[in-house]
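Let's take a friendly walk through a protein model together. Have a look at the structure first, and then we will go through some of its parts.

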Amino acid sequence: MPEHHQPDISFARLNQIDPAEILAHMSDPRVATHMPLLTEPWTPEICAGFVAAKEACWQTDGLGHWAFLNHGDYVGWGGFQKEGEEWDFGLVLKPDSFGLGLPIAKKALAHAKADNRIPFVTFLLPPSRRHLGALKRLGATQLADIDYDGVRFLKFRLETA
């Protein structure tokens, strides 16, 4: 995390971030530790496809993923994605910014609370994520484990309405 004492979180669209920065982020093995669906190394082509897919969500659903900035510096990405009738929230931070998860989540969840299409959000976390206190502090409750693309995830739900 930069040397600033207080976070100054803002959001941008992923297509506004240098693709090389996203590629470096997603190529960090510490990020892959908690992303069991990340099974192949990222390439510039995979990165471009990822950004295009996330941008397409904005077109189809009116909401999607952002680039997260702290004091103007890219620290990760995440946001909302429609999974069936549910809105799932995801957050993928650069390792030196892991401590920013809660303030970023709070700011993003304020968007969900202001959007009457979103009565609740879900979170899918791999079982490798052992520190779940932030979700509990947000008020999320754990539901049953689910299988997503052949991988087991812990599913949580947070009421927003």
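Cysteine 47 is buried, with a relative accessible area of 2%; buried means under 20% relative accessible area, exposed over 50%, and partly exposed in between (1.4 Å probe, protein chains only). This is a predicted model, where local features need pLDDT of at least 70, side-chain atom pairs count only at pLDDT 80 or more, and totals for chains, interfaces and linings use all residues. Residues are numbered from 1 along each chain as its sequence is written, and side-chain values use heavy atoms, with hydrogens and water left out.

**The cysteines**

The disulfide count is zero.

| Residue | Relative accessible area | Nearest cysteine sulfur |
|---|---|---|
| Cysteine 57 | 12% | cysteine 47, 15 Å |

**Helix α1**

Now turn to α1, residues 19-26. Helices (H or I, at least four residues) and strands (E, at least two) are DSSP runs, numbered from the N terminus. Which residues of α1 are buried? They are Ile22, Leu23, His25 and Met26. These residues cover an arc of only 160 degrees around the axis, so they sit on the same side of α1; the arc is that of the directions from the helix axis to the C-beta atoms. Their cover includes α2 (29-32), α3 (44-61), β3 (73-83) and β4 (86-93).

**The nonpolar cores**

A nonpolar core is a set of buried Ala, Val, Leu, Ile, Met, Phe, Trp, Tyr and Cys residues joined through side-chain atoms within 4.5 Å. The largest one has 28 residues, and Trp66, Phe80 and Phe156 are among those with the most contacts inside it. Elements giving two or more residues to this core include β1 (9-13), β2 (65-70) and β8 (151-159). The most comes from α4, with five residues. Another core, of 17 residues, lies apart from this one and includes Leu14, Leu23, Phe50 and Ala67.

**A record to compare**

UniProt, in an unreviewed entry, places "domain: N-acetyltransferase" at residues 18-124; such annotations may be inferred rather than shown by experiment. Over residues 18-124, the chain is 41% helix and 28% strand.

Terms used
Contact means heavy atoms within 4.5 Å. A disulfide is a pair of cysteine sulfur atoms within 2.5 Å.
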